[in-house]
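Let's take a walk through a protein model together. Keep the picture open beside you and look for each part as we reach it.

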Amino acid sequence: MNTPAQPRTRKRFGQHFLHDPQVIERIIDAFNPRAGEKIVEIGPGRGALTGRLLAATGRLDVIELDRDLAAGLPDRFPDHGNLTVHGSDALRFDFTTLAQAPHELRIIGNLPYNISTPLIFHCLDHAAVIHDMLFMLQREVVQRMTAAPDSKTYGRLSVMTRFACEVESLFSVGAGAFQPPPKVDSAVVRLVPHRTPLFPDIDPAALDEIVRRAFSQRRKTLRNSLGAVLPAKAIQAAGIDPGQRAEQLNLAQFAALADALSSTYTNSPPVDNFVDK
């Protein structure tokens with residue numbers, strides 16, 4: 001039987017196809033898919049994980065933007081199970097439509113490096129229906145997600161991810177595991193949304209506003225970076241030194257600032273498009 005031709009790589013989609021059998025096995029073992037689970041794969045590409053996921057669960061939803069790849073997937077796995085292909089942009093996909101119950105979805109994917117951060121934030125918007133997520137990302141992104149305060153890699157991604165999830169870096173993956181090989185190393189990370197919010201009384205919009213502003217000017221003190229929305233007296237009243245910088249604050253302190261901002265405004269302030277740093 002002839003082997004189907006491999007679809008070509010498209011640079012505009014940031015495609016690096018996983019092909020190393022040992023890495024594939026390690027990812028499947030870490031994810032541990034089981035029959036009956038509602039699993040969603042983002043960016044299946046040529047199906048390195050798809051067949052294994054289908055064989056374990058009997059059904060699978062995949063989201064693939066590349067039309068050629070999306071069209072070819074059903075033919076690659078005709079006898080593995082019930083495969084539903086969504087030819088869609090994962091950044092705009094409504095994951096909630098796939099769930100019938102809270103914390104039902106399990107999401108897995110080798111995420112394109114060029115959209116990984118916004119895609120993670122998009123998934124976090126649907127955290128109420130997600131049980132867990134296992135992603136292959138650029139190693140630098142995983143380092144930022146797991147960074148602690150007082151480090152150069154600690155930033156908006158670290159704070160917002162931690163507010164929403166338990167975050168665990170699992171293992172690194174070298175460039176040779178992909179075709180074509182990327183110029184950077186990768187890492188696999190597990191995200192488990194909190195069943196009970198860490199700070200249930202905090203307005204998410206206020207938190208996002210504070211964190212965005214604080215890290216958009218991370219070299220400045222909070223007095224300067226937050227001055228347009230929160231005066232120094234309000235920062236101090238929240239129990240925080242206005243002379244500190246964003247990278248020095250822990251989650252509870254960011255929550256205190258968000259609470260102070262909510263008390264200052266009757267309605268949540270508009271969110272500006274700051275650069276994530």
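What covers the buried residues of helix 4? Before we get there, remember that this is a predicted model. The cover includes strand 2 (38–42), strand 6, helix 5 (139–145), helix 6 and strand 7 (165–173). In helix 4 itself, the buried residues are Ser116, Thr117, Leu119, Ile120, Phe121, His122, Cys123 and Leu124. That makes 8 of the 9 residues of helix 4, so this helix is largely enclosed by the rest of the structure.

Let's stay with one of those residues, Cys123. Its relative accessible area is 0%, so Cys123 counts as buried. You might go looking for a disulfide here, but the structure holds 0 of them. Cys123 is in no disulfide, and the nearest cysteine sulfur, that of Cys165, is 9.4 Å away.

Now for the empty space. Rolling a probe the size of a water molecule over the atoms shows where empty space is left. The largest pocket holds about 730 Å³ of space. Of the 26 residues that line this pocket, the closest to its centre are Leu124, Met160, Phe163, Ala164 and Pro204. Helix 4 (116–124), helix 6 (156–164) and helix 7 (204–216) are the elements that give two or more residues to the lining. Sort the pocket lining by class and you get 17 nonpolar, 4 polar and 5 charged residues.

The largest cavity has a volume of about 40 Å³. Strand 5 (105–110) and strand 6 (130–138) each supply at least two residues of its lining. Among the lining residues of this cavity are Ile108, Gly109 and Asn110, along with Leu134, Phe135 and Met136. By class, the cavity lining has 8 nonpolar residues, 2 polar ones and no charged ones.

Stay on strand 5 for a moment, and find Arg106 there. Is Arg106 buried or exposed? With a relative accessible area of 6%, Arg106 is buried. Its side chain reaches the backbone oxygen of Asn32 at 3.3 Å. Leaving aside neighbours within four places in sequence, Arg106 is in contact with several residues, including Phe31, Pro33, Glu37, His131 and Asp132.

Most residues other than glycine have a negative phi, and most peptide bonds are trans. His103, in the loop between strand 4 (82–86) and strand 5, has a positive phi near 55°. Asp150 sits in the loop between helix 5 and helix 6, and its phi is positive too, near 70°. How accessible is each of these residues? His103 counts as buried at 18% relative accessibility, whereas Asp150 counts as exposed at 56%. The last stop is the peptide bond that joins Gln179 and Pro180, which is cis, with omega about -10°. Pro180 is found in the loop between strand 8 (178–179) and strand 9 (186–193).

Conventions:
Residues are numbered from 1 along each chain as its sequence is written. This is a predicted model: local features need pLDDT of at least 70, side-chain atom pairs count only at pLDDT 80 or more; totals for chains, interfaces and linings use all residues. Side-chain values use heavy atoms; hydrogens and water are left out. A disulfide is a pair of cysteine sulfur atoms within 2.5 Å. Buried means under 20% relative accessible area, exposed over 50%, partly exposed in between (1.4 Å probe, protein chains only). On a 1 Å grid over the protein atoms alone, a cavity is a set of points where a 1.4 Å probe fits but cannot get out, and a pocket is an open set with protein on both sides within 12 Å along at least five of seven lines; lining residues have an atom within 4 Å of a point. Grid points are joined across faces, edges and corners, and a volume is the space filled by probe spheres set on the points. Helices (H or I, at least four residues) and strands (E, at least two) are DSSP runs, numbered from the N terminus. Ala, Val, Leu, Ile, Met, Phe, Trp, Tyr, Cys and Pro count as nonpolar, Asp, Glu, Lys and Arg as charged, and the others, Gly among them, as polar. Contact means heavy atoms within 4.5 Å. A polar contact is a pair of N or O atoms within 3.5 Å; within protein, one must be able to donate a hydrogen and the other to accept it, and residues adjacent in sequence count only if both atoms are side-chain atoms.
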